[in-house]
Amino acid sequence: MVRESSLHWGQKCRCLLLGLTVILILGAVVVFAAVIFARRRDPPAELLQWKGRGSTDNLKEIMLGRCFTYIRTVNPELRKDCLKIWETFKNAFISKNPCNITEQDYQPLMELAAQPILCNKTLLWSKTNELVHKYTKVQGNLLTMEDTLLGYMADGLTWCGNPSSSEINYQSCPEWHECANNPNLIYWKTASRAFAEAACGVVHVMLNGSINQPFGNSSIFGSVEVPHLNPKKVHLMKIWVMHNIGGQPSDSCSSSSIKELKSIIEGRNITFSCEDDHRAAQLIQCVGNPEEPACRVCRTES
């Protein structure tokens with residue numbers, strides 16, 4: 001009788017413990033679900049501290065797609081591992097303060113995605129984004145930074161991470177000049193330095209003569225690319241100062257801004273030449289302005 005009572009009591013205790021265990025597990029699941037829901041609904045406050053927009057939506061898919069397009073159709077002779085390039089790119093900024101990125105963070109990517117640039121093919125630019133890329137697309141013989149794999153993949157995109165997360169920050173990222181060491185600015189400085197260092201022979205440059213000071217020391221061209229040209233490999237820099245068709249020119253090859261650039265280049269033992277409104281590039285401008293005097297072609301009557 002005592003044994004039966006003891007057995008019956010033991011069974012009750014086990015049932016009670018089992019019930020408590022189930023309740024605790026269910027409670028933990030409910031709390032966990034609530035936390036996940038809250039995180040999805042309201043991103044952490046620290047992700048909203050920057051003034052710029054967040055990382056470009058579908059960043060991974062866009063960059064991988066561009067990488068495969070580049071190595072399959074744009075430059076099929078280039079053999080690269082796009083998945084490895086993406087992971088190396090992401091590791092440069094993920095889980096890091098987006099205002100403390102360094103060139104060293106991107107160095108593994110620079111080495112992995114490096115490609116040969118033929119001599120006399122380099123085209124640098126400043127403040128001529130639209131025209132210079134129309135020119136290279138039509139002309140097909142010169143390369144800008146954006147025509148290389150590194151430039152092609154990242155052109156027009158935004159990205160950053162957050163030190164408290166292993167995920168890409170899609171909420172907000174620092175604006176271009178919000179802090180000096182943000183992921184985008186450091187990326188383009190690092191890639192532009194490598195692009196300039198690889199240049200050889202003749203280097204072409206397209207500048208904007210419709211603005212004050214087409215050459216600026218603080219631009220990526222002035223602060224990064226010019227200092228990293230190798231005088232042992234580059235013997236001539238050809239400057240094209242372009243002006244808006246039908247507009248009033250602000251600066252030209254004879255301006256103080258271009259003279260300053262000439263002094264810097266010749267001081268590095270590189271020959272300098274300058275041409276206002278390079279005709280081949282001007283003809284591209286004329287497509288949208290065919291009636292302007294600069295676009296008229298003289299014809300000899302037969």
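**Figure 1. Lys90 and its salt bridge with Glu87.** Lys90 is partly exposed, with a relative accessible area of 22%; buried means under 20% relative accessible area, exposed over 50%, and partly exposed in between, with a 1.4 Å probe and protein chains only. This is a predicted model, in which local features need pLDDT of at least 70, side-chain atom pairs count only at pLDDT 80 or more, and totals for chains, interfaces and linings use all residues. Residues are numbered from 1 along each chain as its sequence is written, and side-chain values use heavy atoms, with hydrogens and water left out. Glu87 is also partly exposed, at 34%. The closest N and O atoms of Glu87 and Lys90 are 3.7 Å apart, and a salt bridge requires a side-chain nitrogen of Lys or Arg within 4 Å of a carboxyl oxygen of Asp or Glu. The two residues are about one helical turn apart, because three positions separate them in helix H3. Helices (H or I, at least four residues) and strands (E, at least two) are DSSP runs, numbered from the N terminus.

**Figure 2. Salt bridges of Arg193 with Glu197 and of Lys96 with Asp105.** Arg193 and Glu197 are joined with an N to O distance of 3.4 Å. Four residues apart in helix H7, they are separated by about one helical turn. Arg193 counts as buried at 15% relative accessibility, whereas Glu197 is partly exposed at 32%. Salt bridges with shared partners link Glu103, Arg193 and Glu197 into one network. The side chains of Lys96 and Asp105 meet at 3.0 Å, N to O, and Lys96 is partly exposed at 27%. The structure holds six salt bridges.

**Figure 3. The largest pocket and its lining.** A pocket is found on a 1 Å grid over the protein atoms alone, as an open set of points with protein on both sides within 12 Å along at least five of seven lines; a cavity is a set of points where a 1.4 Å probe fits but cannot get out, and lining residues have an atom within 4 Å of a point. Grid points are joined across faces, edges and corners, and a volume is the space filled by probe spheres set on the points. The volume of the largest pocket is about 530 Å³. Its lining has 24 residues, and those nearest the centre are Trp125, Trp176, Trp188, Ile220 and Phe221. Strand S2 (122–126) and helices H5 (129–139), H7 (183–198) and H8 (220–225) each give two or more residues to this lining. H7 gives the most, with five. By class, 10 of the lining residues are nonpolar, nine polar and five charged. Here Ala, Val, Leu, Ile, Met, Phe, Trp, Tyr, Cys and Pro count as nonpolar, Asp, Glu, Lys and Arg as charged, and the others, Gly among them, as polar.

**Figure 4. The second largest pocket.** This pocket holds about 350 Å³ of space. It is lined by 14 residues, with Tyr70, Asn75, Gln115, Pro116 and Leu143 closest to its centre. The lining divides into seven nonpolar, four polar and three charged residues.

**Figure 5. The largest cavity.** There is one cavity of 30 Å³ or more, and the largest has a volume of about 30 Å³. Met63, Leu64, Cys67, Cys82, Ile85, Trp86 and Met153 line the largest cavity. H2 and H3 are the elements that supply two or more of its lining residues. The lining comprises seven nonpolar residues, with no polar and no charged ones.

**Figure 6. Phe221 in the largest nonpolar core.** A nonpolar core is a set of buried Ala, Val, Leu, Ile, Met, Phe, Trp, Tyr and Cys residues joined through side-chain atoms within 4.5 Å. The largest has 53 residues, and the members that touch the most others are Phe89, Tyr106, Trp159, Tyr187, Phe221, Leu229 and Leu261. Among the elements that each supply at least two residues of this core are helices H2 (59–74), H3 (82–91) and H4 (103–112) and strands S4 (201–208) and S5 (234–242). Beyond its neighbours within four places in sequence, Phe221 is in contact with residues including Leu124, Trp125, Val205, Phe215, Met237 and Leu261, where contact means heavy atoms within 4.5 Å. In soluble globular proteins, nonpolar side chains tend to be buried together.
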